Every structure is written in structure tokens, then in C-alpha cells.
Amino acid sequence: MDENALEVSTALQAITIASALCEEVRRKLAGGESILKSDRSPVTVADYGSQAVICKLIRERFPHDNIVAEEDSTELKKPGHSRILEQVTDHVNDFVRGASEEINSWIDFSSHSITDRFWALDPIDGTKGFIRGDQYAIALALIEKGAVTLGLMACPNLYVDRDQPSGKRGCLFLAIRGKGSLQMEMDGGGRKALSVSRTENPSEASLTESVESDHTNHLLHQRLAQKLNMTKPSLRMDSQAKYGIVARGEATLYLRAPSSSEPDYRENIWDHAAGSIIAEEAGGRVTDVLGQPLDFTCGIKMRRNHGIVVTNGILHDVVLKALRI
């Protein structure tokens, strides 16, 4: 696969439109109204609109591919949520025409069936970050026979230049297996190849981690940093944008150690598929905390993995060893 492949052009088109829709929702509704799902995570108008647009475009071009996505329209169809469905419809129609019933059907192109070839989609990764006006990502990956072969991640609120965090915002990351990782601006300009940090001394390394304490162990991260004599404060950030800042050398490692309060928690595939190939193709290494490769073959939950470790590769074994002690 190369950048001229239909998969790449379709994914770029879909994720670019979805990004514009999400930013429109953010501007007009200041985060949008949200529904509280059964797992208590908020779902915004933008989540549904993003998934509808991306699923529609992928299904049109690749009718036989499964799309394993986070959302479905169950809550959206409830009578009490008719106003939110109307908002979703209005925003989607600014980019792709369709009636409410059609849009619900596009959302429901998603499946939780893992096949030899499927797309993993998180229409908004970091919904709480989106609602707060912080970082979020639209993450899309193509997985073939268990291996991620294509990953895209749109981060509309992420600063373009790592050295100017208050400067221009809006990044799109693209990685093709064996072809490297790229960062570009949302309009496709400013393309540049990505490369991880070459930091060899753990004391000079920088850490990024989740803002939320759900499903992650911030205390363990702090202990690890102390053990490795890391003095730089951690950069807490929502979403898979953390994979992007490791890929571009801004952070040396990203940790997501399992929380001791939820020892049986397992990660969702759509939260890591796109980010993992972006970091790997930039020269990084991605495993779980036990050093095992990420396994995308056993359902929507990564049941064979425990936590996430992403590094520049150079320090990976050092970090794994420190986690074991």
C-alpha cells in the first residue's frame, strides 16, 4: 500500500470531513449536548456525526469491509433524544446529505465483529477533552490479519509546531506500514516525516500520560519516573494525540499502566490501533506493560494485553525493566 491507494485517499477524505464537522460542533455548541451512555461516558453530537460520515464513505468504497467503531445509534433513537438527533442531522448535512434515518443507518454500519480485514474507528477519542476544549482525536485504522497496515489520526486542537504550543493548531497524522509516518496540517499542507526522540538517557526523557485517572495508574507512573531519575514534569493530554507527540519526538514515552482499582480492565482496540502504527512507523516501539505486542485479533477488547507502553524504542527495555521491579 502507498499514498495513492484507494484506502488511503478514502480514509483521508473521511477523517478530514469528520474533523471539520467536529470543529463546527465545537464552535457552534461549545462542546455540544451530550448523552450519558450506560458506561457513563459522554457522547456528543460530534461523536455521532463523525462516525456517520466516516462509516458512510468507507462503506461506499469498501462494501465488504467491517467497520469496528465505538458508537451505535441506540441512545440517539430514543424519543427523549430527538433534539440531539436533529442536531446531528443538521451538522452531518453541512457536509454529506442524508435524512435522520439514513444517518442512523450510517452510524450503525459499525460492528463488533473482528474479521481478517476491518477498520477500527474512534469517532472522537477523548470526548471529555473535546467537551473541555482540550485535546481530542479522530482515529481510524485498517487492520489486516491482525496487523495494523494503515493509521490516521486527526487532532484538530493540537499545536502544529512542537516548539510553539501556543501557535497554529490542527494536525493530521498518517502512517502506512513500511512507509513511515507523516504529520500534515488539516488542509494537507506542511507535510513532514516524523521521527521519535533519540534520547538515550532516562533522566533526560519526557513522559506523556492521560489526563483522566480512569483506567490508568498515575501513581505508578510517578514512581517509575522517580526510579529512572526523570525530572521533567509529565505532559497530561487526552486521546491518542499522545501517540502523535511521541512520534514527532516531543515526548519520549507514553505510559498507560493499569489502575490497581481495575486490575481486569482491558483497552479497546479503537483507542490504540491508529496511534500504535503512527508511533511505530516513526521509529518507536509499542507493547503492553509486560512487553507483549498489542493484539488486535481477540475482539473489541485487547484481552491478551495489560496496559500500554510507547517509547522511542531506545528506552523501551529500560522502561519495561523498571516497571517489573
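In this predicted model, the axes of helix 3 and helix 4 (residues 100–107) come within 10 Å and cross at roughly 85°, and the two helices are therefore roughly perpendicular to each other.

**Helix 3 with helix 4**

- On the side of helix 3, the contact is made by Leu85, Val88, Thr89, Val92 and Asn93, while helix 4 contributes Ser100, Ile103, Asn104 and Trp106.
- Sorted by class, the residues of this contact between helix 3 and helix 4 are five nonpolar and four polar, with no charged residue.

**Helix 2 with helix 3**

- Helix 2 takes part in the contact through Val45, Tyr48, Gly49, Ala52 and Val53, and helix 3 through Ile84, Gln87, Val88, His91 and Val92.
- Seven nonpolar and three polar residues make up the contact of helix 2 with helix 3, and no charged residue is found in it.
- Val88 and Val92 of helix 3 are listed in the contact with helix 2 and also in the contact with helix 4.

**Nonpolar cores**

- The largest nonpolar core has 50 residues, and those with the most contacts inside it are Val92, Trp119 and Leu150.
- Helix 1 (residues 6–29) supplies the largest share of this core, namely 10 residues.
- Leaving aside its neighbours within four places in sequence, Leu150 is in contact with a set of residues that includes Met1, Glu7, Val8, Ala11, Trp119, Leu140, Leu174 and Ile277.

**Helix 8**

- Helix 8 (residues 273–281) is mostly covered, with eight of its nine residues buried.
- The buried residues of helix 8 are Ala273, Ala274, Gly275, Ser276, Ile277, Ile278, Ala279 and Glu281, and Ile277 is also one of the residues in contact with Leu150.
- After helix 8 comes Gly283, which has a positive phi near 105°.

**Val246 in helix 7**

- Val246 is found in helix 7 (residues 241–247), and because its relative accessibility is 1%, Val246 counts as buried.
- The C-alpha atoms of Val246 and Ser197 are separated by 7.5 Å, although the two residues lie 49 residues apart along the chain.

**Two loop residues with positive phi**

- Most residues other than glycine have a negative phi, which gives the background for the two residues that follow.
- Lys145, which is not a glycine, has a positive phi of about 50° and lies in the loop between strand 5 (137–144) and strand 6 (147–159).
- Because its relative accessibility is 73%, Lys145 counts as exposed.
- Asn229, likewise not a glycine, has a positive phi of about 60° and is found in the loop between helix 6 (218–227) and strand 11 (235–236).
- Asn229 counts as exposed because its relative accessibility is 53%.

Methods
Residues are numbered from 1 along each chain as its sequence is written. This is a predicted model: local features need pLDDT of at least 70, side-chain atom pairs count only at pLDDT 80 or more; totals for chains, interfaces and linings use all residues. Side-chain values use heavy atoms; hydrogens and water are left out. Buried means under 20% relative accessible area, exposed over 50%, partly exposed in between (1.4 Å probe, protein chains only). Helices (H or I, at least four residues) and strands (E, at least two) are DSSP runs, numbered from the N terminus. Contact means heavy atoms within 4.5 Å. Ala, Val, Leu, Ile, Met, Phe, Trp, Tyr, Cys and Pro count as nonpolar, Asp, Glu, Lys and Arg as charged, and the others, Gly among them, as polar. A nonpolar core is a set of buried Ala, Val, Leu, Ile, Met, Phe, Trp, Tyr and Cys residues joined through side-chain atoms within 4.5 Å. Axes are lines fitted to C-alpha atoms, for helices over the stretch in contact, and angles run from 0 to 180 degrees between N-to-C directions. Angles under 35 degrees count as roughly parallel, over 145 as roughly antiparallel, 65 to 115 as roughly perpendicular and the rest as oblique.
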